[in-house]
Amino acid sequence: MKDSLKKQIDQHQFSQGFIKVTDNPVSTLNPQQKALLNRKGNVLFNQGQIDSARRIFTTTGYSDGLTRVGDRFAAENNELGALKQYILAHNKSKTEPIYEKLAKIISILLKE
């Protein structure tokens with residue numbers, strides 16, 4: 001697990017930066033538009049079109065959808081991708097365990 005997360009960090013560190021957290025929901029959407037988009041995002045997610053669903057959920061700020069995308073990323077061992085989704089969803093119960101893993105890995109790396 002340590003090697004897997006270290007590899008992810010190495011791959012993301014220079015190509016994409018670590019985690020961009022400036023994504024904000026579009027403020028001009030009214031509640032009806034958000035609901036319609038979220039339903040579309042749920043359909044896409046259920047069809048396996050995760051990236052399309054992620055874009056919609058990011059646009060609307062739909063925290064449940066972002067959390068489900070994060071869970072999918074975590075299941076695929078993409079913990080940094082999952083962390084980004086959890087941060088955008090403001091889901092501290094999901095971010096804290098990943099922060100703890102990162103802290104342990106960094107601590108181990110510093111000792112080496």
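Modeller: A nonpolar core is a set of buried Ala, Val, Leu, Ile, Met, Phe, Trp, Tyr and Cys residues joined through side-chain atoms within 4.5 Å. In this predicted model, the largest such core has 16 residues, and Phe57 and Val69 have the most contacts inside it. Two or more core residues come from each of α2 (31-46), α3 (50-60), α4 (63-75), α5 (79-88) and α6 (92-111).

At its N-terminal end, α2 is capped by asparagine 30, which places a side-chain oxygen 3.0 Å from the backbone nitrogen of glutamine 32. The 16 residues of α2 should span 22 Å at 1.5 Å a residue, and this agrees with its end C-alpha atoms, which are 22 Å apart.

Which residues of α2 are buried? They are Asn38, Gly41, Leu44 and Phe45. Viewed down the helix axis, these buried residues of α2 lie within an arc of 120°, so they line one face of the helix. An α-helix has 3.6 residues a turn, so residues three or four places apart point the same way. The buried residues of α2 pack against α3 and α4.

On the face of α2 turned away from the buried side are the exposed residues Gln32, Leu36, Arg39 and Asn46. After α2 comes glycine 48, with a positive phi near 90°.

Definitions and conventions. Residues are numbered from 1 along each chain as its sequence is written. This is a predicted model: local features need pLDDT of at least 70, side-chain atom pairs count only at pLDDT 80 or more; totals for chains, interfaces and linings use all residues. Side-chain values use heavy atoms; hydrogens and water are left out. Buried means under 20% relative accessible area, exposed over 50%, partly exposed in between (1.4 Å probe, protein chains only). Helices (H or I, at least four residues) and strands (E, at least two) are DSSP runs, numbered from the N terminus. The expected span of a helix is 1.5 Å times one less than its number of residues. The arc is that of the directions from the helix axis to the C-beta atoms. Contact means heavy atoms within 4.5 Å. A polar contact is a pair of N or O atoms within 3.5 Å; within protein, one must be able to donate a hydrogen and the other to accept it, and residues adjacent in sequence count only if both atoms are side-chain atoms.
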